[in-house]
Amino acid sequence: MSLKRRDFVKLCSGTVAGFGISQMFHPGLVKALEAATEPGRPPVVWMQGNGCTGCSVSILNSVNPSIADVVLKVISLECQETLSVAEGSVAVDHMLEVAEKFKGKFYYISEGALPTAENGAFCTIGVDSKGKEYTVLEMAKILGANAAACVAVGACATGGGIPGSKGNVTGCVPLHKYLESQGIKTPVINITGCPPHPDWMIGTLVHVLTKGVPELDAQGRPKMFFGKNIHDNCPYLPYFEKNVRQKTFTEKKTEACRADMGCKGPLTGADCFSRKWNNGTNWCVENAICIGCAEIDWPDAFSPLYSPVV
Ligand code: FSX
Ligand code: SF4
Ligand code: SF4
């Protein structure tokens, strides 16, 4: 059974509760996804390069659907360094096996940047059962060339992020740049953010599995989550317009614009202002500032992070 676009929208929008996809997913999503991905759950390989594992930690915070449901009922998660029980040659052999056995049918999720300097020696993932050592760069080429589609998660995998920022000696590049350099044309979807919101990752995965690659913006990001300017939609915009500004992080003046503390909301397009974080509890600008992490040229184009831009 395939999930129709209208069903997907209905499930994601939770019309009963009155929420749009820009806010949260409906708890019934898993049931429809289970049906949509029958009979065989699609194989997914998640590989980490140079990063902090924050993207993996963030997706574990998914509430609707829970990450346990996604992993156990919707997809077949073949490898994920943080979650996998297998390690060493067992894990490396399995990655190679998935790339061969499910050629053109599995999905490759890439977290972290790919270090290209010194033939990729700055990040190795292990040795296969024949004793051959694999760099993350080498495995990214194998997975990228054989996957049905690639999903790059996080600032590091989409734009280089902190490992790829100015001064790095590892030659870190994002997945799409590396695959382009190797002439690999497999589609790459960029889910920016350091880390990305769990809904951005799960929502994109759901779309890819049920309807294919979603509509993307110029940065390769799904338009359903990215592009709306934070400043234009910020609850503190009226204070900005009246020039009521909070000057320091310790000042207990919550009814004020955070521009003077370096807020990068005016330069950033993501739905954090309506989706919020931690299951809708709060978001960066409420407690501090937006540092612009959802833009693909972050952090270099947004540094120094605490310097005002408006
Ligand atoms: Fe990067 Fe993932 Fe920032 Fe961390 O590993 S996007 S450093 S939150 O988690 O890649
Ligand atoms: Fe909101 Fe930041 Fe814009 Fe102020 S500068 S209105 S806090 S997004
Ligand atoms: Fe990143 Fe800004 Fe969204 Fe926070 S509000 S997650 S810094 S884009």
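Predicted model: local features only at pLDDT ≥ 70, side-chain atom pairs only at ≥ 80, totals over all residues.
View 1. Residues are numbered from 1 along each chain as its sequence is written, ligands are numbered from 1 in the order in which they are written, and side-chain values use heavy atoms, without hydrogens and water.

**View 2. Here's where domain 1 meets domain 2.** On the domain 1 side, 28 residues are in contact (heavy atoms within 4.5 Å) with 16 residues of domain 2. Together the two domains bury about 1800 Å², meaning accessible area (1.4 Å probe) lost on being put together, summed over both. Carbon and sulfur atoms carry 55% of that buried area.

**View 3. Two salt bridges link domain 1 and domain 2.** We count a side-chain nitrogen of Lys or Arg within 4 Å of a carboxyl oxygen of Asp or Glu. Take a look at Asp199 and Arg275: they form a salt bridge, with 2.9 Å between the closest N and O atoms.

**View 4. Ligand 2 and its neighbours.** Around ligand 2 (a heavy atom within 4 Å) you'll find His231, Cys234, Tyr236, Leu237, Phe240, Cys257, Arg258, Ala259, Cys263, Gly265 and Val285. Sorted by class, that's eight nonpolar, two polar and one charged, with Cys and Tyr counted as nonpolar and Gly as polar.

**View 5. Ligand 3 and its neighbours.** The shell around ligand 3 includes Cys272, Cys284, Cys290 and Cys293, along with Trp277. Its residues split into eight nonpolar, two polar and no charged.
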